[in-house]
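I opened this model to look up how its parts touch one another. My notes are below, in the order in which I went through them.

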Amino acid sequence: MEMPISTIAFLVENKPGVLFNVTNLFRRRGFNIESITVGPLENPELARMTVSVKADAKIINQIVEQLDKMVDVIKVKRLDPIRTVMREMVLIKLNTIDPMSREEALRCVNEYHGLILNIEPDSIVVEVTGEPSTIDEFIRKVQPLGVIELSRTGVTALEKGHLKL
Amino acid sequence: MVYMTGAEAFIKSLEKEKVDIIFGLSGGAILPICDAFNDSDIRFVLARHEQGAAHMADGYARASGRIGVCLATSGPGATNLVTGIATANIDSSPVVAFTGQVPRDMIGRDAFQEVDIIGVSASITKYNIQVRRPKEIPRAVKAAFHISNTGRKGSVLVDIPKDVQTLSEELDFPEKVSFKGYRFFEEPDPRELDWAATLLARAQKPMIMAGGGVIASNASSELLKLAEFMMAPVATTLMGKGAIPSDHPLYAGGCGMHGTCEANSLIGEADVLLVVGARFSDRTTGSIQEFSTNSKIIHIDIDRSEIDKNVETVTRVVGDAKLALNGILKRLEKVRRTGSPESPWLKRMKEFREQYAMSESKDNPHFKAPSVVKTLRKFLPRNAIVTTEVGQCQMWAALYFDTYAPRTFLTSGGLGTMGWGFPAAIGAKAARPDVTVVDIAGDGSFGMTENSLATSVEEDLPVIVLILNNRMLGMVAQWQRLFYGRRYIAAKLGKTPDFVKLAEAYGAVGFQPGNTVELEKAIKEAVDSEVTTVIDVPIDPEENVFPMVPPGRGLKDFLVEA
Ligand SMILES: Cc1ncc(C[n+]2csc(CCOP(=O)(O)OP(=O)(O)O)c2C)c(N)n1
């Protein structure tokens with residue numbers, strides 16, 4: 001059975017070693033982290049981290065408790081997908097030597113509300129932002145046109161309404 | 001603000017925490033701190049191996065409830081601590097370890113004796129931290145002591161680069177430290193107490209399983225009160241031994257793989273099982289699917305992440321065991337009458353006890369381990385502290401050594417670390433110099449840390465080591481007999497060493513009794529002399545420890561013979 005993806009948000013001390021300690025717990029259970037994003041908050045002593053991982057929900061709940069125990073983890077919460085907005089960005093470099101595929105590429109970028117960041121005679125770099133599944137879809141669409149390379153940021157997420165970590 | 005070196009700040013910080021003894025071994029990267037001990041009243045007990053130092057600190061902590069402190073140099077000194085820190089942490093024992101580190105500008109360059117001990121120890125400590133300047137030392141020490149000994153206790157490591165020890169700086173000593181992310185839950189939620197009490201009020205066959213948390217929170221008297229009020233049998237996990245006196249009529253014995261038949265049978269029949277300060281280790285529960293299937297389980301633990309980790313419970317109480325037991329008793333007193341000693345449930349307990357009364361086997365031609373342990377008990381003061389090594393010796397001690405008070409039966413439960421018992425005994429002696437301390441050992445385990453004889457003799461921390469000497473890695477041999485068709489491999493230890501001579505080589509006393517009278521005499525002499533003594537008791541190499549629940553089976557499936 002395909003495991004569902006869980007998204008976990010953390011408020012942590014912004015200092016060396018915290019990321020190591022957090023990821024170490026997932027490693028111990030043999031979980032591959034699908035994506036991880038980190039950035040400082042308004043108060044630079046704190047950072048917010050978002051981890052996506054494929055795993056059994058029961059085990060995730062337990063890991064969340066163990067993460068919560070860590071001294072450098074201030075808050076941690078498994079986000080309810082229905083009550084959460086999630087975003088990811090991809091930068092993707094497409095081969096555009098063939099004018100036909102170039103046209104098709106531009107059409108796709110348009111359809112996904114992407115931005116063109118760089119144009120060369122034989123390639124373009126574009127940015128697309130959306131739900132992780134939308135990004136997957138976009139990549140599938142442009143794949144046949146010739147992807148030179150791509151880089152995904154990983155998921156960042158906020159809960160809807162007044163909920164707060 | 002005062003101007004001082006990091007090393008001076010370190011010593012002052014320890015003094016502020018009222019540390020009067022540390023266990024350690026020096027080396028290049030910790031020399032400035034070692035030197036500063038010259039100007040302090042703190043006693044520096046020199047271990048002969050850092051693993052021993054960590055176990056001594058651990059034994060000190062478990063015997064006293066105070067924090068045990070150990071210290072080592074960088075690199076190999078630090079890695080030698082690893083087993084000790086891990087052993088303390090898994091058994092929730094408050095140990096703080098300090099390690100020297102190479103100077104800051106050498107870190108990450110594979111300098112001489114550099115090991116990334118912060119990385120290494122991350123998953124075997126409750127918390128660790130490397131200080132980067134002298135003024136961080138007072139706060140780091142304070143934090144280490146605070147975190148180690150609050151909530152669910154554990155080990156903390158502080159890594160101190162050598163140049164940070166020698167540099168001077170204006171610094172001050174905080175009275176308190178706080179961390180945004182460090183919370184622990186001592187005060188139980190009243191609603192959780194209500195639910196627990198409601199379940200217990202209706203119980204016809206209530207049973208209590210007491211773990212190490214009862215001892216850590218000094219909750220023995222609360223445990224007894226509740227058990228006596230409900231007339232509920234009490235089983236202990238290995239870590240909980242001592243939470244209730246072994247001669248208490250409600251004590252059913254230890255539970256788990258080498259628990260008593262009585263305790264393991266009762267757990268299977270109970271209708272409500274109150275588990276206090278225990279974490280449902282696989283050695284305690286046997287097959288999880290078959291664990292206490294007739295009961296509703298209530299789990300009290302100070303560590304919220306333990307709830308539902310291994311066993312699903314009906315009700316939980318997150319909080320300190322003492323407060324929780326007290327809260328439950330208060331509520332029960334309002335809704336339930338005291339239990340009766342004539343209840344069918346206690347009759348059942350008596351039936352089990354009679355059915356499985358362990359028959360005394362005669363000591364012929366070898367000593368039988370259970371009777372050696374019972375003889376030891378007979379000649380020790382009631383308040384004596386016993387530590388154990390690991391293997392059959394540990395299980396014989398758990399099954400047959402009666403314990404009358406908390407903190408008098410100390411054993412490595414979670415890790416099962418061979419070599420733990422002897423240095424831990426030395427640490428316990430340092431904490432309780434007035435009390436007789438005995439390590440119940442196997443010959444294999446004792447070999448792992450026998451060099452602690454030097455510390456015991458030189459530092460005048462006399463303890464008794466009673467070796468149940470089967471010339472075997474006995475527990476390994478038992479499994480090979482029972483589960484591997486008697487195919488012994490790497491289990492026989494041969495005829496060496498001569499433990500009497502070994503003891504004498506270190507300036508200790510050695511005995512090798514040949515019969516029970518000589519054994520009794522040796523124990524008496526050792527207790528009276530207050531001299532480090534090794535008593536080498538030859539036992540049958542083929543003897544098994546029973547009862548035993550085979551691995552993977554339910555607690556009801558205990559074997560009482562091969
Ligand atoms: C450090 C360590 N290594 C290996 C083991 C695995 N082990 C468990 S019991 C045992 C044999 C112990 O032999 P001994 O100390 O002579 O005690 P006995 O079982 O004979 O009483 C071994 C090797 C362990 N628990 N700890």
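This is a predicted model: local features need pLDDT of at least 70, side-chain atom pairs count only at pLDDT 80 or more; totals for chains, interfaces and linings use all residues.

The entries cover the domains, the contact between the chains, and the ligand.

**Entry 1**

**Entry 2: domains of chain B**

I looked up how chain B is divided. The assignment gives domain 1 as 2–171, domain 2 as 190–355 and domain 3 as 369–546. I then took up the pair made by domain 1 and domain 2 of chain B. Their centres, taken over C-alpha atoms, are 37 Å apart.

How many residues of each domain take part in the contact? I found six residues of domain 1 of chain B touching six residues of domain 2 of chain B. The buried area between these two domains is about 520 Å², and carbon and sulfur atoms give 53% of that.

Next I checked the charged pairs. Two salt bridges are counted between domain 1 and domain 2 of chain B. I looked at the one that joins B:Arg152 to B:Asp303, where the closest N and O atoms are 3.0 Å apart. The side of domain 1 of chain B that touches domain 2 of chain B is made up of four charged residues, one polar and one nonpolar. I also recorded two residue pairs in polar contact across this interface, both at pLDDT 80 or more.

**Entry 3: domains of chain A**

Chain A is assigned domain 1 at 5–79 and domain 2 at 85–157. I have the centres of these two domains at 29 Å from each other, over C-alpha atoms. Eight residues of domain 1 of chain A meet six residues of domain 2 of chain A. The area buried between them is about 480 Å², with 52% from carbon and sulfur atoms.

Which polar links did I find between domain 1 and domain 2 of chain A? I counted three residue pairs in polar contact, both residues at pLDDT 80 or more. The salt-bridge count for the two domains of chain A is zero.

**Entry 4: chain B against chain A**

I moved on to the contact between the chains. Chain B brings 16 residues to it and chain A brings 18 residues. The two chains bury about 1,400 Å² between them, and 47% of this lies on carbon and sulfur atoms. Which three residues supply more than any other three of the area that chain B buries against chain A? They are B:Lys180, B:Gly181 and B:Ser305, and they supply 33% of it.

I counted five salt bridges between chain B and chain A. I looked at A:Lys58 and B:Glu312, whose side chains form a salt bridge at 3.2 Å, N to O. The side of chain B that touches chain A has seven charged residues, five nonpolar and four polar. Seven residue pairs are in polar contact between chain B and chain A, both at pLDDT 80 or more.

**Entry 5: the ligand**

I listed the surroundings of the ligand last. There are 17 residues around the ligand, and those that come nearest are B:Gln392, B:Gly416, B:Gly444, B:Ser445 and B:Gly474.

A nitrogen atom of the ligand is 2.8 Å from a backbone N or O atom of B:Gly416. A polar backbone atom of B:Gly474 lies 2.7 Å from an oxygen atom of the ligand. At B:Asp443 the side chain has an N or O atom 3.1 Å from an oxygen atom of the ligand. On its own the ligand has 580 Å² of accessible area, and the protein covers 76% of this.

Notes: Residues are numbered from 1 along each chain as its sequence is written. Chains are lettered from A and ligands numbered from 1 in the order in which they are written. Side-chain values use heavy atoms; hydrogens and water are left out. Domain bounds come from an automatic or database domain assignment. Contact means heavy atoms within 4.5 Å. Buried area is the accessible area (1.4 Å probe) that two parts lose on being put together, summed over both. A salt bridge is a side-chain nitrogen of Lys or Arg within 4 Å of a carboxyl oxygen of Asp or Glu. A polar contact is a pair of N or O atoms within 3.5 Å; within protein, one must be able to donate a hydrogen and the other to accept it, and residues adjacent in sequence count only if both atoms are side-chain atoms. Ala, Val, Leu, Ile, Met, Phe, Trp, Tyr, Cys and Pro count as nonpolar, Asp, Glu, Lys and Arg as charged, and the others, Gly among them, as polar. A residue is near a molecule or strand if one of its heavy atoms lies within 4 Å of it. Accessible areas come from the Shrake-Rupley method with a 1.4 Å probe; for residues, only the protein chains shown count as cover.
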